[in-house]
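Visitor: I am new to this structure and would like to go through it by question and answer. Please show it first.

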Amino acid sequence: MNQTFSTMKLIRYVVAFVFITSGTMKLLSSELSSVFLNLPLPSPELIMYVVAILEIVCGILLAINKEVKKATIPLLVIILAAILLVKIPILHTGFLQFAFAVRLDIVLLALLYILYKSHHK
């Protein structure tokens, strides 16, 4: 039982780190924000700020083990949207390039799913 607890804690911290860092970089990096702003979205600047804030807030909630199940839902949506908007277009260059580009997104999807299913609140 103790092993499972420490494993879940590690997963929460790792996923929290990824999203807090990602959200912060969207706000601070002009290079990253310009990529986001060139996506085919309505009001991309507003969406970028909303996504960045959600990533930071939900990442903090995961890190402090509060509302974990609720915090994973917007993060799952963000990852799925990133795959659809950024990674799927890479398929035209070839499956291996796509698989390489999407590999970490798939890992995050799996970890978020584990967090979602493991919290009963």
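Visitor: Which side chain meets that of Asp105 in a salt bridge?
Guide: This is a predicted model. Asp105 lies in helix H5 and its partner in helix H4, so the pair ties together parts that are 18 residues apart in sequence. Both members of the pair are buried. At 2.7 Å, N to O, the side chain that meets Asp105 is that of Lys87.

Visitor: Is Lys70, which forms a salt bridge with Glu67, buried or exposed?
Guide: The closest N and O atoms of Glu67 and Lys70 are 3.5 Å apart. Glu67 has a relative accessible area of 47%, so Glu67 is partly exposed. The cut-off for exposed is over 50%. Lys70 has a relative accessible area of 59%, so Lys70 is exposed.

Visitor: How many residues apart are Glu55 and Lys26?
Guide: Their side chains meet in a salt bridge at 3.0 Å, N to O, and both residues are buried. Glu55 is in helix H3 and Lys26 in helix H1, so the pair links distant parts of the chain, 29 residues apart.

Visitor: How many residues does the largest nonpolar core have?
Guide: Helices H1, H3, H4 and H5 each supply at least two residues of this core. Among those with the most contacts inside it are Phe19, Leu75 and Ile79. The number of residues in the core is 25.

Visitor: What length does helix H4 reach from its first C-alpha to its last?
Guide: Helix H4 covers residues 68–87, which is 20 residues. At 1.5 Å a residue, 28 Å is expected. The model comes close to that, at 27 Å.

How values were computed
Residues are numbered from 1 along each chain as its sequence is written. This is a predicted model: local features need pLDDT of at least 70, side-chain atom pairs count only at pLDDT 80 or more; totals for chains, interfaces and linings use all residues. Side-chain values use heavy atoms; hydrogens and water are left out. Helices (H or I, at least four residues) and strands (E, at least two) are DSSP runs, numbered from the N terminus. The expected span of a helix is 1.5 Å times one less than its number of residues. A nonpolar core is a set of buried Ala, Val, Leu, Ile, Met, Phe, Trp, Tyr and Cys residues joined through side-chain atoms within 4.5 Å. Buried means under 20% relative accessible area, exposed over 50%, partly exposed in between (1.4 Å probe, protein chains only). A salt bridge is a side-chain nitrogen of Lys or Arg within 4 Å of a carboxyl oxygen of Asp or Glu.
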